[in-house]
Amino acid sequence: DSEGYLQAAASLWREHAFARQGVPEIVRTPGYPVLLLPGLALGGADLWAIVVQALSGTLTVYLVMRLAQEAGCAGPGEDVHAGGEQLGDRGSTASVAAGWFAAWDPLAVLYCGKMLSETCFTTALALVVWGLARHAAAYRRGPLIAAALALAGATFVRPISYFLPPLAAAWLVCLPGRGARKATVEAQRAGGGGSLRWLNAGLFLLLSMGPAACWQIRNWAVAGYGGFSAITDINLYYWQAAGVVARREKLPLAAAQAQLLERERLAHLRAAAHGHSQAERFFWMRGEALRILRESPWVYAGIHAAGMAAVTSDPGTQAWLDYVRYEPPPRPAELGGLRRLAWAIRAKPWATLLHGLLWGWVIILIGWGVLGLFRMPRGPLWWLLVLVFVYFWVLSGGPLGYHRFRIPLLVIWWVWLGHAARGERVS
């Protein structure tokens, strides 16, 4: 992925066009490559990416602290910054604890040093949630507009947030949320009334989805492709559909992907002979993948659920070992159980220790996160955090699911961890 981002950024810098080898780029989106442009201009894209992501990660920690403090309020119209000492102190312990969890999270630290989009996307997502939280607290449109623009930018960094705006708009319409305290008359007049809630939701949809719609028009104009990003078709074919083929035919995933690659190559050669475009190639991949998934929906349901479990439980040990360029000795195939553990302790003690520590962190993350979820007061922000968490968790499942896709979820998880550390539940 890093190489793909660099190629897209180099095309923007040298050719002033978003293309790959002269062909309009419709697989990558321009969000992250644009962030790399100053690094290319300065001759150090790697260092630039690390510096920008370190600053981005720091901003994420700050936003998580603010979110945890906002979550100390139970309902709309309660502004933690204007409600006096009681509301201000309610979330202060949770805020500090959430900040510490965010600053020390191993995955967050690791991906600040990788030329990948996760860190910047996570910051944008934190801005989205924080802006919506501020709007729910005081019914001001400024934070709502900022949240919508941040979500539009986040979608250009990672297309996975493409379907989030309608869900967020539905949440806006439902303010004040279930279990929330009654909003003040002033807040209702400022934007909490029924008709104004619909207006706010429409404004949010326009600002958050408008830029993506413009990009889809661009894709259609330059390549005849009506979607936002062809990466969805590639993933659908080479991961979701390949996972089903692997399960049905009892093959390793790599073998199933090779099988589908050969099938796609032959289809592409036949299509090229008839002058078909790259857009038609991606349409074929999407149709073929959907056909495979429709044939075995329950098989894929199990694969998808396993991917969701991997997103939450994968400690990311191998990513750390790859980052420090550590290559452990190969494990003898005949070992298993306790003998396998004893061999790992003797042959690679530091890697085994790291794996144990990261697993411990995951256990804390899951256990305390669930505890914090139920200790948070039930207000609009509680429902928003659950909505965003479930959205990304569900979309991150499947054969692709692993620790990397947990990073956006951590924005919500850190807030829950902060409230787990604070102690008693606030009703």
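Q: How many salt bridges does a search of the whole structure find?

A: A salt bridge is a side-chain nitrogen of Lys or Arg within 4 Å of a carboxyl oxygen of Asp or Glu, and the search of the whole structure finds 11 of them. This is a predicted model, in which local features need pLDDT of at least 70 and side-chain atom pairs count only at pLDDT 80 or more, while totals for chains, interfaces and linings use all residues. Residues are numbered from 1 along each chain as its sequence is written, and side-chain values use heavy atoms, with hydrogens and water left out.

Q: Which residue forms a salt bridge with Arg 158, and are the two buried or exposed?

A: Buried means under 20% relative accessible area, exposed over 50%, and partly exposed in between, for a 1.4 Å probe and protein chains only. Arg 158 pairs with Glu 118, their closest N and O atoms lying 3.8 Å apart, and both residues are buried.

Q: Which residues form salt bridges with Arg 291?

A: Glu 288 forms one, with the closest N and O atoms 2.5 Å apart, and Glu 295 forms another, at 2.6 Å. Salt bridges that share partners join Arg 248, Arg 263, Glu 288, Arg 291 and Glu 295 into one network.
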